[in-house]
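Student: I am new to this one. Can we walk through it together?

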Amino acid sequence: MAAVSITTEFLKRPLMTGAVTASSRRLARAMTQHIGLGQARLVVELGPGTGVFTDAVLRRLAPDARLVAIELNPDLAERLAATRDDKRLTVVHGAAAELADVAGGPVDAVVSGLPWTVMPTADRNRTLDAVAAALAPSGRFTTFAYLHAAWTPPGRHLAAGLRERFGTVDRSPVVWPNLPPAFVHRARAPKNLRMHRHDGSGPPA
């Protein structure tokens, strides 16, 4: 199978891929710290791409834990499944908002590499709702944002959406060696989704 790169997929499908280059190992380390992966039984990764975060998650998971990676891009999903030989990993070609059905049980942690800033508002809200609904009460959610995009309307909407859906939200120091520099959002204590609207309106700007 021919090699698949994030840059190539961005040029082919910019609205689906979102990133121009793969995330760095340092960002992957920040994404997988402080979210209890060593004790997790079921972890879901959204938008694994070429597998940088996937590998970081697998390094921290217990031998009998499960990782379900959901990738919308069919080429990236096929490549990830073909290049990772780990019985704990299941790669699913599908939409992130379907994670509850795909995972099949309360999720201990969700790690997301989704391109939030290029997602339509309704899709972003639906996916955040799905994450909060799928997590166990003690579950953790982690995702990242590029520093230069943090103050754009989509970046602010993402931060507001996390605060709306989780009792505790914090962010990591900036990972400067990443290209572009990025930081990590970490959220826990998912709130009751009956409080949320599903009409795509989401939190105010």
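Predicted model: local features only at pLDDT ≥ 70, side-chain atom pairs only at ≥ 80, totals over all residues.

Tutor: Residues are numbered from 1 along each chain as its sequence is written, and side-chain values use heavy atoms, leaving out hydrogens and water.

Student: Which strands stand at the edges of the sheet?

Tutor: The sheet is open, with seven strands in mixed pairing, ordered S3-S2-S1-S4-S5-S7-S6. Strands are DSSP E runs of at least two residues, and helices are H or I runs of at least four, numbered from the N terminus. Two strands pair if DSSP finds at least two bridges between them. Each edge strand has a single partner, so one side is left without a neighbour in the sheet: these are S3 (89–93) and S6 (166–171).

Student: How many bridges join strand S5 to strand S7?

Tutor: S5 covers residues 135–146 and S7 covers residues 182–190. Arg140 stands opposite Arg188 in S7. The two strands run antiparallel, and the bridges joining them number seven.

Student: Is Gly36 buried, exposed or partly exposed?

Tutor: Gly36 lies in the loop between helix H3 (25–32) and strand S1 (42–46). Buried means under 20% relative accessible area, exposed over 50%, and partly exposed in between (1.4 Å probe, protein chains only). Gly36 has 36% relative accessibility, so the class is partly exposed.
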